[in-house]
Amino acid sequence: MSSKVLSIELGKDKILLCELKRKKKELILYHTEVIDTPEGSVSDGLIMELDAVAAAIRMALKSHKIKTKKVIFTINSTRVLCKREEIPYLRPNQIKGEIEANLTEYFAVQPEEYEAGFMLTSTARGKVENMSLIAYAMPKKFLERYYELGAMMGLHIVAVDYAANSLYQLMKLQVGRKSGVFCHIGSENTALCIMEEGRLLFQRVVSCGKMDIVNAIMEQRIIPETQAEEELKTGQFIHATLDGDEITELFRYLINHIERIMDYFLSANDKNGVDTIYLMGEGSQIPGVKELFANELGMTISRPEESKGIKTKSKEKISKKSFHQYMPAVGASLQSLEFERPKKEEEEVEKKRSSGFGLGLTVSIMVSAAMVLTPYFQNQRLHEELNSVNANIALIEDAQLLEEGYNNGVKKIQDMKGFYDKTQNPNGTISKFVERLETIQPSGIQIDWFSFVEGKASIGGTMQAKEEIASFVAALKQEKNLSGVEIKEISGQSFQIQFQFGAAEGAK
């Protein structure tokens, strides 16, 4: 990358923009800008309102006289899927095809809805050895929106990257071959990656960010956002441990997620040298966060030297503290995943139609083309309506957590059913109920324990949003063999639900 490029990350509350250039193993940073995201225009990385986002970026570029036309977009979203895999040795031009052919097996998704990508984490020495890589699945609707945004603004898209990969690339530049868990707590989401001696072991984007804390302070103290932001800089809202405090508990999901990674992934791979967690991002600057993570995770807490390998030539001085929020956007310029723009069926139809006319096709073929294009134009009129529906669906879906929750849920249900089958005191249809849990449990709900004694049952676990608990309780109340379903306790992201097994007295 010898010429300047724009690197842009779109968030729900902020748009982060950098103008930079790569020179050998060094990045030269010319300009950084934080733009307020138009309300309701971006959700978890998905562009909902193209016109509003384009207008906001255009205004920022014009006001700062930035004329660079090349752009890299970083998608910071929990809906991008990634998984470490080993595959038989293949030539580089064969790898993507292999991943595309196995998307359903890797991620349990519909292949036509996702664009495949990959990054090699080890190089095979011969055809008899396996290749280690990270496989990715990017929702095509995300990519389509970003390419539409680029076209609308007259920008040339160099690449579209994934925030966790951007962080990994920057950390390689910052810390070299060190091992550790790298945790970038941004405004909306947290990007995670685990490295062992510079080699990537794991990546994920988790739904947890600084604005969760700001919003909680706003609600608790009934103050505007700007005041909550200021009070957060100096106030002690985060306790040293997860002690049930409402605001501190907002970090429980992220901390538990890291613990599960360490317990499962690292133990399974016998990686014992990863004992340091590097905290970055604007959320890591909140007073008390460092102490909370140290106490709960039992790991050494460190901060990378963010200026290493980066020179600043901007007119405004960029402090190390403020640079934290730009890390994924900056890292995308190093070695992005370069997801390709999905090919649309109508584009293929138009290409064939144009080629046919150029060659002087017969009238019958022209009629056939017209028959194909008629529903196409009808479909265009519904395009915006479909985008709106898909966007609403995107607000409640989280394929990555669904896959993880499903796998964990299946194991727990199998364990519970096995325990029940061995008991000498069966009670009604509990076995069928355990099987039903798999279908009625929302994707953002994780059941950690289940107790059942003489018809009385309790379920406990963690949640992402209270709306999902409400949905879960409503689903349980629809079960004919349950009665007295109620939420016994909600603390932060933890919950407990109680109910009676067996229909209520007098119920039909």
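Trainee: Let's start with K83. Which residue is its bridge partner in strand 9?
Mentor: That's A135. Keep in mind that we're looking at a predicted model.

Trainee: OK. How many bridges join strand 7 to strand 9, and do the two run parallel or antiparallel?
Mentor: There are 8 bridges between strand 7, residues 81-88, and strand 9, and the two run antiparallel.

Trainee: What holds paired strands together, in general?
Mentor: Strands of a sheet pair through backbone hydrogen bonds, and the pairing can be parallel or antiparallel.

Trainee: Back to strand 9, then. Why would I call it largely enclosed?
Mentor: Count the buried residues: 9 of the 10 in strand 9, residues 130-139, are buried, so the rest of the structure largely encloses this strand.

Trainee: Let me zoom out. How many helices and strands does the protein chain have?
Mentor: The protein chain has 17 helices and 20 strands. There are 508 residues in the chain, and buried ones make up 50% of them.

Trainee: What about the accessible surface?
Mentor: For the protein chain, that comes to about 25,700 Å², with 50% belonging to carbon and sulfur atoms. As for contacts with a separation of 6 or more, 66% of those in the chain are between residues 24 or more positions apart.

Trainee: What's the mean pLDDT of the chain?
Mentor: The mean is 78, and 74% of the residues reach 70 or more.

Trainee: Where does pLDDT stay under 50?
Mentor: Residues 345-385 are one such stretch, and the model has 12 contacts for them beyond four places in sequence. Residues 387-399 also stay under 50, with 17 contacts beyond four places in sequence. Where pLDDT is low, the predicted coordinates should not be read in detail.

Trainee: Noted. Now the open sheet of 6 strands: what's the order?
Mentor: The order is 10-6-1-2-3-16, and the pairing is mixed.

Trainee: In which sense does strand 3 pair with strand 16?
Mentor: Parallel: strand 3, residues 26-36, pairs with strand 16 over 3 bridges. Within that pairing, I28 has K311 of strand 16 as its bridge partner.

Trainee: Which strands does helix 5 lie across?
Mentor: Helix 5, residues 163-175, lies across strand 3, strand 6 (70-75), strand 10 and strand 16. It runs at about 85 degrees to strand 10.

Trainee: Switching to the largest nonpolar core. Which residues there touch the most other members?
Mentor: The core has 70 residues, and the ones touching the most other members are L10, I57, Y136, L149, F182 and V330.

Trainee: Pick F182. What is it in contact with?
Mentor: Leaving aside neighbours within four places in sequence, F182 contacts L167, M171, V175, A191, L192, C193, M195, Y278 and M280. There's also a second, separate core of 38 residues, which includes I185, I217, L232 and F293.

Trainee: Which strand does Q496 lie in?
Mentor: Strand 20, residues 494-501. Q496 has 18% relative accessibility, so it counts as buried. Beyond four places in sequence, Q496 touches W449, S458, I459, G460, E486, I487, K488 and E489.

Trainee: Last topic: backbone angles. What phi does D44 have?
Mentor: A positive one of about 50 degrees, although D44 is not a glycine. D44 is in the loop between strand 4 (42-43) and strand 5 (46-47). Its relative accessibility is 8%, so D44 counts as buried.

Trainee: And K65, buried or exposed?
Mentor: Exposed, because K65 has 72% relative accessibility. K65 has a positive phi too, about 55 degrees, and isn't a glycine. You'll find K65 in the loop between helix 1 (50-63) and strand 6.

Terms used
Residues are numbered from 1 along each chain as its sequence is written. This is a predicted model: local features need pLDDT of at least 70, side-chain atom pairs count only at pLDDT 80 or more; totals for chains, interfaces and linings use all residues. Side-chain values use heavy atoms; hydrogens and water are left out. Buried means under 20% relative accessible area, exposed over 50%, partly exposed in between (1.4 Å probe, protein chains only). Helices (H or I, at least four residues) and strands (E, at least two) are DSSP runs, numbered from the N terminus. Two strands pair if DSSP finds at least two bridges between them. pLDDT is the predictor's confidence in each residue, from 0 to 100. Contact means heavy atoms within 4.5 Å. Axes are lines fitted to C-alpha atoms, for helices over the stretch in contact, and angles run from 0 to 180 degrees between N-to-C directions. Accessible areas come from the Shrake-Rupley method with a 1.4 Å probe; for residues, only the protein chains shown count as cover. A nonpolar core is a set of buried Ala, Val, Leu, Ile, Met, Phe, Trp, Tyr and Cys residues joined through side-chain atoms within 4.5 Å.
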